[in-house]
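My notes follow the order in which I checked things.

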Amino acid sequence: MTAILSVHVIAGVVSLAAGFVALFASKGAPIHRRFGSAFVYAMLTMGLSGALIAAITGVETSVIMGSLVAYLVFTGLTAVAPRRSAPRWIGFAGAGVALALWLALWEVGVRGARSAGGAVEGLPAPMAFFFGAIALAAGLSDIRVARSMAPAGAARLARHFWRMCLALFIASASFFFGQTQVLPMQLRAPWVLAPPVLAPLLVMGYWFWRTRVRRTVVRVMTSREAV
């Protein structure tokens, strides 16, 4: 158990450091690719080792969240893999994992909502429903991609960005909000802890706007001017 815990902690530190470098590096640049690869491998190690530790210690919600992080990172990586490089069954398998996580999170959310404290093992019911919605959306997206040609261009990048950013958000929230006891007292103020947790969501929103919304608006405006 000690060895697994050490691996989990080291992988967590590496994933956060590499993730934030990749988050703010120029997309597609060598530094983004190198730190992005380190982020993927570290996050997979952290998520799966965390799920294993939680399974051994009987912490149900940590098993689910660790599995969700590993799923998001893996499918985020395959989103930018060469098109048609992976068999279709991998997409359907990913969808099966996502939908299983959705059902598990929904059950936890319902149980938490009915409990006196409104949470199960520290996971509030609203957050369980929120992450369940993410798993459902990701699973339905996997089914759509597996049934047809993998997305290209802006859709391909958006699929990659939102999965990676959400995985980094979960990891950041787990550390900065869930492990405050390891931080110096001076760093435990909300205004210090909130920025690194919210940064992945803000960057995700920016890139979604840049790759999808802005191009759609420009295309609509151009078509109107042409008329």
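**Pockets and a helix pair**

I began with the largest pocket, which holds about 1,100 Å³ of space. The model is a predicted one.

I then listed the lining of the largest pocket and got 35 residues. Nearest its centre lie His-8, Ser-62, Ser-174, Phe-175 and Gln-179. The elements giving two or more residues to this lining are helix 1, helix 2, helix 3 (60-79), strand 2 (123-124), helix 5 (125-147) and helix 6 (153-176). Sorted by class, the lining of the largest pocket has 21 nonpolar, 13 polar and one charged residues.

Next I took the second largest pocket, with a volume of about 550 Å³. I found 23 residues lining it, and Lys-27, His-32, Val-80, His-160 and Phe-161 are the closest to its centre. Helix 1, helix 2, helix 6 and helix 7 (190-226) are the elements that give two or more residues to this lining. Which element gives the largest share of the lining of the second largest pocket? I noted helix 6, with seven residues. By class I recorded 13 nonpolar, seven polar and three charged residues in the lining of the second largest pocket.

Last, I looked up how helix 1 (residues 2-24) and helix 2 (residues 30-57) pack. Their axes come within 7 Å and cross at roughly 150°. The cut-off for roughly antiparallel is over 145 degrees, so helix 1 and helix 2 are roughly antiparallel to each other. I logged the crossing of helix 1 past helix 2 as left-handed. The contact of helix 1 with helix 2 has 17 nonpolar, nine polar and no charged residues.

Notes
Residues numbered from 1 in each chain as written. Predicted model: local features only at pLDDT ≥ 70, side-chain atom pairs only at ≥ 80, totals over all residues. Heavy atoms only, no water. Axes fitted to C-alpha atoms, helices over the stretch in contact; angles between N-to-C directions. Helix = DSSP H or I, 4+ residues; strand = E, 2+ residues; numbered from the N terminus. Parallel < 35°, antiparallel > 145°, perpendicular 65-115°, else oblique. Left-handed = near helix turned anticlockwise from the far one by under 90°. Nonpolar A, V, L, I, M, F, W, Y, C, P; charged D, E, K, R; others polar. 1 Å grid on protein atoms, 1.4 Å probe; cavity = no way out; pocket = protein on both sides within 12 Å on 5 of 7 lines; lining within 4 Å. Points joined across faces, edges and corners; volume = space filled by probe spheres on them.
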